[in-house]
Amino acid sequence: MIKTGIIGYGFSAQTFHLPFIKHLNEFELTAISSSKSEQVLADNPGMQVYDTAEQLIKDNTTELVIITSPNDTHYDLAKLALANGKHVIVEKPFVTQVAQGEELIALAKEKELVLSTYHNRRWDGDFLTIQQIIESKALGEIRVFESHFDRFRPISRQRWREQAGEGTGIWYDLGSHLVDQALCLFGWPKAITACCRALRENSQVTDYFHVQLHYPNHEVVLCSSPFSAGPGLRFQLEGTKGSFVKYGLDPQEDQLKQGRGPASENWAREVEAKHGMLFQEDKEAIYPTLLGGYQHYFSNIAQAIKHNKTVAVTAEQALAVINIIQLAERSSAMGQTIPLLNE
């Protein structure tokens, strides 16, 4: 088993990482670093708890380090972990500056270590469904793709993600997922037009974005709003032979919040009432959502570490996401469309 340490014990670690590390036979959770040592031990009796991330990283028994600390710490901690011979998973976003990611990629290659970012939403059932629809040509040639991650959070909260700082705000947070999915589907765009704003009262960070990626023959629109109280649009796909519309988010996050994990009955399965609709010129039909599963991300990492298999989410792909994020910020600040060079 891969001896695994987790840096941080907040929402991300408890909800999106620990349930899988504990469930999958390929991993053994050996250490956690957190300032909440009492809570960690209450939840994980007998666990090795470190006060600092640096102590955990220097634990000679740990093979894999998962970094779930605030975004502006990702670079320093990943660099230290790689320098100490550890494989690394970084919670998204990968880093906050492109140059940081380039340095980490070079270091991982030099050390022959696995370096990946947790873009788990590639294993959302609805995203897998979108991929299937595009590949099947059921809608012909795609001309418009719209992707939303809206929520109803009209009041700012006192937490690091919503405080001014490097890598904070919803564009780095949820935007990372939407950009990663778009690049998986369509590759590198030829230009970008972005509007990233703070629309909530007293907001210190971007809490709304509308970002358009321009391709030679189609357009991609990525959106997030904190004022969406009703059932929200998730995906809209428009092509020369029809369209597909999907509302509501993948069920895995809610299941994880409820304490259900990959061993639970109906894990990751979406109820039929939330399946998307496919519309063609002379007919319409429910299009069943494929079964997702975030556990597949971790299984792939285990195969990469133990058997040198190809990493599904590479650091290079994660860095492309950061590049788009920063280009969008520039476009928004300038109020202009920015042409992009080939990636």
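Predicted model: local features only at pLDDT ≥ 70, side-chain atom pairs only at ≥ 80, totals over all residues.
1. Residues are numbered from 1 along each chain as its sequence is written. Local features need pLDDT of at least 70 and side-chain atom pairs count only at pLDDT 80 or more, while totals for chains, interfaces and linings use all residues; side-chain values use heavy atoms, with hydrogens and water left out.

2. The largest nonpolar core has 69 residues. Such a core is a set of buried Ala, Val, Leu, Ile, Met, Phe, Trp, Tyr and Cys residues joined through side-chain atoms within 4.5 Å; buried means under 20% relative accessible area (1.4 Å probe, protein chains only). F94, L115, I192, V211, L213, L222 and L237 touch the most other members. The core lies between domain 1 (2-118) and domain 2 (121-292 + 324-339), because both give residues to it. Domain bounds come from an automatic or database domain assignment.

3. Beyond its neighbours within four places in sequence, L115 has contacts (heavy atoms within 4.5 Å) that include F94, L104 and V313. V313 belongs to a second, separate core of 33 residues, along with L18, I32 and W267, among others.

4. Nine strands (DSSP runs of E, at least two residues) form an open sheet with mixed pairing, in the order β14-β13-β12-β11-β7-β10-β9-β8-β15. Strands pair if DSSP finds at least two bridges between them. β14 (283-287) and β15 (338-339) each have a single partner strand, so one side of each is left without a neighbour in the sheet.

5. β8 (residues 191-197) and β15 run antiparallel and are joined by two bridges. A191 has P339 in β15 as its bridge partner.

Key
Buried < 20%, exposed > 50% of the residue type's maximum accessible area, 1.4 Å probe, protein only. Helix = DSSP H or I, 4+ residues; strand = E, 2+ residues; numbered from the N terminus.
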